[in-house]
Amino acid sequence: GLSLARVPVVFALIIGAVTGGLLAGLGLQGTMEAFNGGLGKGAQIALAYGVLGAFALTLARSGLPDLLAYKMITKLKGSSNQKSQNLVKYLIFATVVIAAICSQNVVPVHIAFIPVLIPPLLSVFNHLKLDRRLIACILTFGLVATYMLVPFGFGAIFLNDILGQNINSFGQPLGFEIAYTDIPSAMAIPVFGMFIGLLIAVFYSYRKPREYRDLHVETTSTSISGEMDQNAVAVQPTVAPFTIIMSLIAVIVTLWVQVESDSMILAGLVGVAILSCAGIFKWKEADDVIITGMRMMALVGFIMIAAQGFAAVIGATGQVPTLVEASVAWIGDSQGWAAFWMLLIGLLITLGIGSSFSTVPILAIIYVPLCLQFCFSPAATIALIGTAAALGDAGSPASDTTLGPTAGLNT
């Protein structure tokens, strides 16, 4: 409730934890001890997020994302006056979704690619009369479905470090454990549902032509001409061949290190080190670049840490079994009805918090025993908790996944 009322999320989590602890009779000292004890569980995840942010900004400094965006933009602009407009439309759709997918793992810049790629294409969207709500759906699908399914980059953090770790942590006292290798196949079920939703958006909901006014817009990397000027092209970024080669090596080595070590922290550090040794930025600028990159992810990191503290207090109250029993008595024997309420509550919590990554610990402590009570399989438990957390990511006004596409498409 506090989050939906726009109280800063970290404060809302602390207030919620203190309220829960006091109502359960833990006392202020007992509540804070439980809260502080839980903070450590979120530290590793927050650090991984911060290191990934540093790697993302360092990679952005190399100019590789800008160069890739430029190649896409010039290709699409050059073909935007072809007779076969349907082909161009689907080429645009494929380009946008591939860019969004790669932004989560191959070139893990998250939403930072949107202001580089989307504004220069707006005049092409206008010319083809594309409904921008459709582009928003495509962007969001690429951003969210990727980390829900692919265990690399941001997906490694969400699937392994957060979802798997929390399910096993809260399931251990109940004799319940999942294998991390089973998570992607379980999450493929809700991702397939998202894909069906995307097809409905493309071929039904937003297929009709929509008129937009052409406006002259200046951006940092490109310039768009109003009145659909076909001669207006993005300014080609100047990137040395050596920089491109080193950037590609950094991406490949980072992915390899992550697979071998199963550590996003180590992989991100190796990526930053390679780009630093390649001279992407001056040594005296290293502090600024890395700190700025980590600052991009800092808020989400703090929310994750506070969420783990909140979950620890809820666990310390000893009231979770009582809550589960009351829920089972109220819902009855219907697994479908139970799944519906779990997803709806997850949606509302994520709407307020604005981060599916931070919602998992809050949900898992209650949902793991609840799933066991309703005899859900391990795969169903993974899919329900993962989906309940991710549902609100595209629906929250405070989510990166909402703010990024909005800013790009509203240019």
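Is cysteine 102 buried, exposed or partly exposed, and what is its relative accessible area? Cysteine 102 is partly exposed, with a relative accessible area of 26%, where buried means under 20%, exposed over 50% and partly exposed in between, using a 1.4 Å probe and protein chains only.

The structure is a predicted model, in which local features need pLDDT of at least 70 and side-chain atom pairs count only at pLDDT 80 or more, while totals for chains, interfaces and linings use all residues. Residues are numbered from 1 along each chain as its sequence is written, and side-chain values use heavy atoms, with hydrogens and water left out.

**Overall form**

The protein has 17 helices and two strands, these being DSSP runs numbered from the N terminus, with helices (H or I) of at least four residues and strands (E) of at least two. Its radius of gyration is 23 Å, close to the 22 Å that the globule rule gives for 411 residues, so the protein is as compact as a globular protein of that length; the radius is taken over C-alpha atoms, and the rule is 2.2 Å times the number of residues to the power 0.38. Along the principal axes, the C-alpha atoms fill a box of roughly 70 × 50 × 35 Å.

Of the 411 residues, 51% count as buried. Among contacts (heavy atoms within 4.5 Å) with a separation of 6 or more, 78% are between residues 24 or more positions apart.

**Individual residues**

| Residue | Relative accessible area | Class |
|---|---|---|
| Cysteine 102 | 26% | partly exposed |
| Threonine 243 | 17% | buried |
| Cysteine 277 | 73% | exposed |
| Glycine 346 | 0% | buried |

The structure holds zero disulfides, a disulfide being a pair of cysteine sulfur atoms within 2.5 Å.

Threonine 243 lies in helix α10, which covers residues 241-261, and, when residues up to four places away in sequence are not counted, threonine 243 touches Ser62 and Ile280. Glycine 346 belongs to helix α14, residues 335-353, and, leaving aside neighbours within four places in sequence, glycine 346 is in contact with Thr359, Leu363, Tyr367 and Ala388. From C-alpha to C-alpha, glycine 346 and leucine 391 are 7.3 Å apart in space, although 45 residues apart in sequence.
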